[in-house]
Amino acid sequence: MGQKDLQDFLRLVEQRGQLRRITAPVDGDLEAAAIADRVLAMGGPALLFENVKGSSMPLVLNLLGTVERVAWSMGLERVEELEDLGSRLALLQQPKPPKGLKELTSFSRVLWDLVKARPDRDLTPRCHQKVVPEAELDLNQLPLIRPWPGDAGRVITLGLVITKDPETKVPNVGVYRLQQQDARSMTVHWLSVRGGARHLRKAAERGEKLEVAVALGVHPLLVMAAATPIPVQLSEWLFAGLYAGKGVHLARCKTVDLEVPSHSEIVLEGTITPGETLGDGPFGDHMGFYGLEEPSPLVRFHCMTQKRDPVMLTTFSGRPPKEEAMLAIALNRIYTPILRQQVSEIVDFFLPMEALSYKLAVISIDKAYPGQARRAAMAFWSALPQFTYTKFVVVVDKSINVRDPRQVVWAIAAQVDPQRDLFVLDDTPFDSLDFASERLGLGGRLAIDATTKVGPEKRHDWGEPLGRDAESEAKLDARWQELGLGDLMGNEPDPSLFGLQLEHVLNRLS
């Protein structure tokens, strides 16, 4: 990748006509997020706010607001190329002895990728060009945003939160929301199963404070790596190096025993005292509702380092479409080869953005025997940790395009008998942010078998599916110009003609 840091990537995006500079004054309280929300819904450009009220730093929003720009951030041109990366990661997750020269070559290439991905140390990091000691530290000078009217305060959302296991000294890198509490402290919101929370529990057992570093304005590729919860026994830095094709340059912090990306625009260094909490929230969440206020660990910062002219990168949650949904679409492509390796009958799968990118999955299988759809659904739920909270799984035949809602709806309508093809799991561990659950943290799951029924799954004959043979279609293609229909191209119907697109999208296209 030719991009070394966030500002390199911003220049690339601007060169490709995908960045808009906003010079007019903009308020980080509600206004900046509202502007970005409208632009993202239009599929619009990244926004660089150069005049944020109360701060001298520019602010970037909607940088990853299209799947295309997510692919660019990873050095790729097309989102489909992400599946190649997923294939390499699948080899690392469940390595097998190579069979033949082709597999040996592929495995050797992955091992070489691992060698190249090892992190390196930078002795003169750019993130240390300016050091702000505790006495001068004031978080109010950062262009933090408050996205929604009911939000409790200003937030950091795309920072890498870095901690270290007090026993093993292995670092963890996560993307967690932080809420500003005063000029030098913030609460961090993480789930109890996350690495940072585990480290804090260990620190409490040892009677120690937990050191924390928050790296702001890193290259988006590192955000992607930190947000990918794939169970590969690799450090996040090595994983990021696999994404980038080269090792991440790290710098040792000034006041804590942690390392951060040396290209970070801003780094906050601090500690958490176990048991010291403050109320965090409510905040607008990805479910489309305000979450609840809850006590969260308090991070007290005592040092800030930065580049000479830093740029702040942020985003916000809410009902899709949002930037996090675009990241999820890209991650879907990475997961696909890994999932195929875990569940061999799965041909393809899709997590629709409208279903929050994880609440509903559509999977296609190469069906060979009765009951296979139910087996595939059960295997999907247990294949990767991120599928634990998937409420609905729709299983279709391999002939169905899982990314075409028209085909999926047809399969459900034509192939499903609710008495036979619905499979419910009661009282499973669940997402506490899902208010639809009768009891928070506990809920049901539903699998829908929309595959063609075989053997004992059916008690009567089915009609033959409609279709035309390939020879007839080829003859029709050959006569298309002769018939005077050359201006009408394509075999797939336009979904906008059948009420399947949002009204505002149709208005924009017209």
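**Loops, cores and aromatic contacts in a predicted model**

Proline 282 lies in the loop between strand S14 (266-280) and strand S15 (294-306); helices (H or I, at least four residues) and strands (E, at least two) are DSSP runs, numbered from the N terminus. The structure is a predicted model, in which local features need pLDDT of at least 70 and side-chain atom pairs count only at pLDDT 80 or more, while totals for chains, interfaces and linings use all residues. Residues are numbered from 1 along each chain as its sequence is written, and side-chain values use heavy atoms, with hydrogens and water left out.

The peptide bond that leads from glycine 281 into proline 282 is cis, with omega near 5 degrees. A cis bond also joins proline 320 to proline 321, again with omega near 5 degrees. Proline 321 is placed in the loop between strand S16 (312-313) and H9. Most peptide bonds are trans, and most residues other than glycine have a negative phi. Leucine 30, which is not a glycine, has a positive phi of about 75 degrees. This leucine 30 lies in the loop between strand S1 (19-22) and helix H2 (31-41). With a relative accessible area of 26%, leucine 30 is partly exposed (buried means under 20% relative accessible area, exposed over 50%, and partly exposed in between, with a 1.4 Å probe and protein chains only). Lysine 169 likewise has a positive phi, near 70 degrees, and is found in the loop between strand S7 (160-164) and strand S8 (171-175).

Confidence was examined through pLDDT, the predictor's confidence in each residue, from 0 to 100. The chain has an average pLDDT of 88, and 90% of the residues score at least 70. Over residues 502-506 the pLDDT is below 50, and this stretch has three contacts in the model beyond near neighbours in sequence; contact means heavy atoms within 4.5 Å. Where pLDDT is low, the predicted coordinates should not be read in detail.

Seven aromatic pairs are found in a search of the whole structure. Rings of Phe, Tyr and Trp (its six-membered ring) pair if their centres lie within 6.5 Å; planes under 30 degrees apart count as stacked, over 60 as edge-to-face and the rest as tilted. One of the pairs joins phenylalanine 349 and phenylalanine 380, whose ring centres are 5.9 Å apart and whose planes are at 55 degrees, so this pair is tilted. The two residues are 31 residues apart and link distant parts of the chain, with phenylalanine 349 in strand S17 (residues 346-350) and phenylalanine 380 in helix H10 (residues 372-383). Phenylalanine 349 counts as buried because its relative accessibility is 0%, and phenylalanine 380 is buried, also with a relative accessible area of 0%.

Phenylalanine 349 also pairs with phenylalanine 387, in an edge-to-face arrangement with 5.7 Å centre to centre and 70 degrees between the planes. Here, too, distant parts of the chain are linked, since phenylalanine 387 lies in the loop between H10 and strand S19 (392-397), 38 residues apart from phenylalanine 349 in strand S17. Both phenylalanine 349 and phenylalanine 387 are buried. Together with Tyr335 and Phe380, Phe349 and Phe387 form one aromatic cluster.

Phe380 also belongs to the largest nonpolar core, which has 84 residues; Phe380 is listed with Leu63, Met74, Leu160, Ile162 and Tyr243 as having the most contacts inside this core. A nonpolar core is a set of buried Ala, Val, Leu, Ile, Met, Phe, Trp, Tyr and Cys residues joined through side-chain atoms within 4.5 Å. Helix H9 (residues 323-342) gives the largest share of the core, nine residues. Another core, of 41 residues, lies apart from it and includes Leu137, Leu178, Val188 and Leu268.

Threonine 187 lies in strand S10 (residues 185-189) and counts as buried, at 0% relative accessibility. Among the residues that threonine 187 touches, not counting those up to four places away in sequence, are Arg177, Leu178, Leu278, Asp280 and Pro297. The side chains of threonine 187 and aspartate 280 are joined by a polar contact of 2.6 Å (a pair of N or O atoms within 3.5 Å; within protein, one must be able to donate a hydrogen and the other to accept it, and residues adjacent in sequence count only if both atoms are side-chain atoms).
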